[in-house]
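Dear colleague,

Please find below the structure that I am handing over to you. My notes on it follow.

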Amino acid sequence: GIVVACGALYPLGNALGEIACIAVHLDYRRDGFGNLVLASLERRATEAGLERLFVLTTQAVHWFLENAYVRTDMAELPIERQTMYNFQRNSTVLSKRI
């Protein structure tokens with residue numbers, strides 16, 4: 001009766017998409033739900049014809065690196081996404097070819 005995990009995929013054009021808002025309920029973080037959500041989002045991205053994904057994160061850099069994402073320079077983001085970047089959050093930008 002509760003949501004234990006969620007995530008979002010935002011297609012941005014030019015075969016690029018953003019993975020965002022992956023969250024897992026504290027009581028379920030060791031049960032693989034994050035991996036299931038990420039795999040599902042990547043599968044949906046592939047089905048939508050996307051070729052590359054990126055993510056901005058402040059907390060889960062290590063987890064995305066473990067899932068084959070690589071650190072990416074902010075300059076590789078679409079210009080409209082660069083202008084929305086919040087320097088106070090100091091998010092790490094990672095990307096992955098799918």
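At 27% relative accessibility, tyrosine 28 counts as partly exposed, a class between buried (under 20% relative accessible area) and exposed (over 50%), with a 1.4 Å probe and protein chains only. The model is predicted: local features need pLDDT of at least 70, side-chain atom pairs count only at pLDDT 80 or more, and totals for chains, interfaces and linings use all residues. Residues are numbered from 1 along each chain as its sequence is written, and side-chain values use heavy atoms, with hydrogens and water left out.

There are 4 aromatic pairs, taken as rings of Phe, Tyr and Trp (its six-membered ring) with centres within 6.5 Å; planes under 30 degrees apart are stacked, over 60 edge-to-face and the rest tilted. Tyrosine 28 and phenylalanine 33 are edge-to-face, 5.9 Å centre to centre with 85 degrees between the planes. Tyrosine 85 and phenylalanine 87 are also edge-to-face, at 4.8 Å and 75 degrees. Of these two, tyrosine 85 is buried at 11%, whereas phenylalanine 87 is exposed at 59%. Ring pairs also link Trp63, Phe64 and Tyr69 into a cluster.

Strand 1 (residues 5-13) runs antiparallel to strand 2, joined by 7 bridges; strands are DSSP runs (E, at least two residues) numbered from the N terminus, and two of them pair if DSSP finds at least two bridges between them. Tyrosine 10 stands opposite glutamate 18 in strand 2. In the hairpin of these strands, with 2 residues between them, asparagine 14 takes a positive phi near 55 degrees.

Note on methods. Helix = DSSP H or I, 4+ residues; strand = E, 2+ residues; numbered from the N terminus.
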